[in-house]
Amino acid sequence: MLIAGCGDLGTEAGLRFAAAGHEVVGLRRSPEKLPSGIRGLYADLSKDVPELPTDVDIVVIAVAADASTEGAYRAAYLDGVKNVLDALERQALEPRRILFVSSTAVYKDSGGAVVDESTPTEPTRFSGKVLVEAEELLFARTRGTGTRPVSLRLGGIYGPGRTRLIDQVKTGQALIPAQPRHTNRVHRDDAAAMIVHLTTMDQDPGPVYVGVDDHAAEMGEVLRFLAAELGCPEPPTAAPGGASDAGPGDKRCSNARLRATGFEPSFPTFKEGYRALLAGEGVRHP
Ligand SMILES: NC(=O)c1ccc[n+]([C@@H]2O[C@H](COP(=O)([O-])OP(=O)(O)OC[C@H]3O[C@@H](n4cnc5c(N)ncnc54)[C@H](OP(=O)(O)O)[C@@H]3O)[C@@H](O)[C@H]2O)c1
């Protein structure tokens with residue numbers, strides 16, 4: 001198992017692979033941060049990839065951009081995918097599956113309609129555009145080979161150490177959007193479990209899966225729930241047309257295709273996930 005870009009999500013997936021008895025190698029610029037169980041190798045994926053173990057069976061690309069700029073996105077996702085594929089080709093390695101961690105940012109605002117794998121990708125921002133390019137590169141370069149490419153389009157990850165909404169509610173900064181919109185979320189542990197499931201399941205995976213929980217909740221529903229759990233006042237509603245209306249748009253992403261493969265989330269909705277976080281469960285991997 002090779003995990004290229006082995007941060008919080010990659011490490012959680014790697015530890016799960018290791019617990020299942022697989023040998024796991026993690027590529028990143030600070031491999032010393034990886035826990036025992038994952039063998040770290042230095043790599044700057046935006047530049048080059050070192051000699052890889054010759055028995056690579058599964059590759060997971062879970063690199064994240066250093067900054068929210070188009071240049072950083074291109075370096076991480078596009079150059080990252082290209083350099084991993086080049087390294088595999090250079091050594092004539094043909095892993096069974098390569099899973100690229102993508103994002104639901106590849107879909108445009110659907111006005112609250114259901115979005116799934118059959119929805120065309122029409123990203124409106126550079127982030128989604130670069131991810132689509134990276135996915136297409138992976139699909140093009142693996143066509144006609146023995147490698148199955150998989151793009152896992154994750155919703156917004158929350159989990160240990162990712163407490164932005166909790167902090168906003170606690171500090172009274174949270175605002176319920178004036179224009180109701182849905183938030184598509186996935187707990188970090190379920191995202192890692194999806195990676196393990198799709199790369200190790202017996203049946204051949206399809207090319208694309210939407211990785212979200214079972215319930216696209218309205219942002220107001222999430223904020224009100226957190227306020228009640230924390231014993232904080234209910235957040236006020238924002239003034240119409242303000243910053244809270246300028247978010248990533250409104251879409252309701254469906255995990256039906258992933259569910260149809262037999263995957264079951266441990267945190268089917270934000271309620272189970274946030275209750276676990278508020279109980280202090282889990283750690284964010286450095
Ligand atoms: N956050 C979200 O809500 C969200 C939503 C959808 C999808 N995603 C995707 O989820 C994935 C994982 O996110 P995460 O939370 O695990 O991020 P993370 O903790 O920041 O991990 C990403 C890792 O990539 C490594 N990396 C970055 N640039 C690199 C480079 N040039 N060469 C080698 N390694 C590099 C970093 O390690 P070093 O610094 O040691 O190199 C870092 O540990 C990403 O693909 C992200 O796009 C996230």
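In this predicted model, a polar backbone atom of Leu-9 is 2.8 Å from an oxygen atom of the ligand. A polar contact here is a pair of N or O atoms within 3.5 Å. The table sets this pair beside two others.

| Residue | Protein atom | Ligand atom | Distance |
|---|---|---|---|
| Leu-9 | polar backbone atom | oxygen | 2.8 Å |
| Arg-28 | polar side-chain atom | oxygen | 2.8 Å |
| Ala-43 | backbone N or O atom | nitrogen | 3.4 Å |

The ligand taken alone exposes 900 Å², and the protein buries 82% of that; accessible areas come from the Shrake-Rupley method with a 1.4 Å probe.

Around the ligand there are 24 residues, and Arg-29, Ser-30, Val-63, Tyr-77 and Arg-162 come nearest. A residue counts as near if one of its heavy atoms lies within 4 Å. By class, this shell holds 11 nonpolar, 8 polar and 5 charged residues, with Gly counted as polar and Tyr as nonpolar.

Which element gives the most to the shell? Strand 5 does, with 3 residues. Helix 1 (8-19), strand 5 and strand 8 (156-158) each supply at least two. Helices (H or I, at least four residues) and strands (E, at least two) are DSSP runs.

Now for the loop between helix 2 (70-90) and strand 5 (97-103), where Ala-92 has its place. Most residues other than glycine have a negative phi, yet phi of Ala-92 is near 55°, a positive value. Ala-92 is exposed (over 50% relative accessible area), at 67%.

Residues are numbered from 1 along each chain as its sequence is written. Local features need pLDDT of at least 70, side-chain atom pairs count only at pLDDT 80 or more, totals for chains, interfaces and linings use all residues, and side-chain values use heavy atoms, with hydrogens and water left out.

Methods. Buried < 20%, exposed > 50% of the residue type's maximum accessible area, 1.4 Å probe, protein only. Polar contact = N/O pair within 3.5 Å; in protein donor to acceptor, adjacent residues only side chain to side chain.
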